[in-house]
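Here's a quick tour for anyone opening this model for the first time. Have a look at it, then read on.

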Amino acid sequence: LTGHPVLVAATAGTTDSGAIDPLPALADVCAAHGADLHVDAAYGGPLLFSDRRRHALHGLDRAHSVTLDLHKLGWQPVAAGLLAVHRTSRLDPLQHTADYLNSHDDTEAGLPDLLGRSLRTTRRPDAFKMAVTLRALGRDGLGALVDQVCGLADTLAEKIHHHPALTLHARPALSTVLFRPADADDEQVAAVRRTLLDDGHAVLGRAHAQGRLWLKATLLNPHTQPGDLDRMLKLVEGHTPR
Ligand SMILES: Cc1ncc(COP(=O)(O)O)c(C=O)c1O
């Protein structure tokens with residue numbers, strides 16, 4: 001309550017557009033004001049697996065804490081959230097002692113004590129599936145999948161950019177592409193999305209940006225082919241009222 005910020009929460013890969021905050025500049029501001037930097041890298045964090053794309057996360061190493069969700073660019077079933085801290089002492093507030101769980105003499109005798117790792121006492125072994133995936137695919141294997149879906153997003157953005165009846169919001173920072181039929185109003189954009197969903201043809205998201213509603217394609221399936229993208233764009237075009 002002394003009037004200066006204690007924590008800045010940045011995002012590396014927003015849910016709406018995949019945008020990445022300027023991490024080095026935010027880290028500088030935090031350092032200047034003595035604030036901690038937390039980065040929500042739930043979506044964008046796995047860019048680290050890709051040698052070609054990890055530069056987009058420059059500055060992430062200056063965060064005091066980082067969250068990651070490997071149920072997105074990690075291809076895990078939920079739940080797959082991770083919290084990384086730059087010093088394990090950051091987890092000290094989670095340390096609790098309950099005699100029936102981690103009595104001092106047991107801990108001193110070397111019995112494992114997981115109480116300090118989570119807010120929850122009872123938890124599923126979520127880390128296991130992530131460890132298996134990392135062991136099976138390796139960092140390079142995951143990096144190749146990340147490259148694949150981000151490349152698909154670039155391809156889709158290029159197709160939309162050259163499409164006479166569609167407007168592209170921005171070049172994708174990650175694997176999300178926002179677009180809309182050029183002449184439609186927001187109600188029509190929302191209706192196109194619902195129709196494609198109701199008909200079972202395509203599951204597109206929606207996002208507000210620049211005061212307008214956009215269709216959102218979040219590309220996370222590495223098996224998607226450019227032809228699938230063409231078909232999806234044709235469906236959007238075909239369902240837009242003229
Ligand atoms: C950027 C971002 N942060 C946080 C979350 C929420 O994470 P969780 O579902 O693990 O609570 C999401 C979506 O899942 C997200 O896209």
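What follows is a short briefing on the overall layout, the nonpolar cores and the salt bridges.

Keep in mind that this is a predicted model, where local features need pLDDT of at least 70, side-chain atom pairs count only at pLDDT 80 or more, and totals for chains, interfaces and linings use all residues. Residues are numbered from 1 along each chain as its sequence is written, and side-chain values use heavy atoms, with hydrogens and water left out.

**Overall layout**

- You'll find six helices and eight strands in the protein; helices (H or I, at least four residues) and strands (E, at least two) are DSSP runs, numbered from the N terminus.
- Starting at the N terminus, the elements go β-α-β-β-β-α-α-α-β-β-α-β-β-α.
- The C-alpha trace spans about 75 × 45 × 35 Å along its principal axes.
- Out of 242 residues, 39% count as buried, where buried means under 20% relative accessible area, exposed means over 50%, and partly exposed is in between (1.4 Å probe, protein chains only).
- Among contacts with a separation of 6 or more, 62% come from residues 24 or more positions apart; a contact means heavy atoms within 4.5 Å.
- The accessible surface is about 14000 Å², and carbon and sulfur atoms own 55% of that (Shrake-Rupley method, 1.4 Å probe; for residues, only the protein chains shown count as cover).

**Nonpolar cores**

- In soluble globular proteins, nonpolar side chains tend to be buried together.
- The largest nonpolar core here has 24 residues, and those touching the most other members are Leu156, Ile160, Phe179, Leu204, Met232 and Val236. Such a core is a set of buried Ala, Val, Leu, Ile, Met, Phe, Trp, Tyr and Cys residues joined through side-chain atoms within 4.5 Å.
- Two or more residues of this core come from each of α4 (126-161), β5 (166-168), β6 (176-181), α5 (186-198), β8 (212-218) and α6 (226-239).
- Helix α4 is the top contributor to this core, giving five residues.
- Take Leu204: skipping its neighbours within four places in sequence, Leu204 is in contact with Phe179, Arg193, Leu196, Leu215, Lys216, Ala217, Met232 and Val236.
- There's also a second, separate core of 21 residues, with Ala12, Leu23, Leu47 and Val66 among them.

**Salt bridges**

- The structure holds 11 salt bridges, each being a side-chain nitrogen of Lys or Arg within 4 Å of a carboxyl oxygen of Asp or Glu.
- One of them joins Arg90 and Asp36, at 2.5 Å from N to O. Arg90 sits in the loop between β4 (81-85) and α2 (99-102), while Asp36 is in strand β2 (residues 36-40), so this pair links distant parts of the chain, 54 residues apart.
- Both ends of that pair are partly exposed: Arg90 has 29% relative accessibility, and Asp36 has a relative accessible area of 23%.
- Another salt bridge brings Arg52 and Asp147 together at 4.0 Å, N to O. Arg52 is in the loop between β2 and β3 (65-69) and Asp147 is in helix α4, so the pair ties together parts 95 residues apart in sequence.
- Here Arg52 is exposed at 58% relative accessibility, whereas Asp147 is buried at 16% relative accessible area.
- Arg124 and Asp126 make a salt bridge too, with 3.8 Å between the closest N and O atoms; Arg124 is exposed at 52% and Asp126 is buried at 16%.
- Finally, salt bridges with shared partners join Arg52, Arg53, Asp147 and Asp154 into one network.
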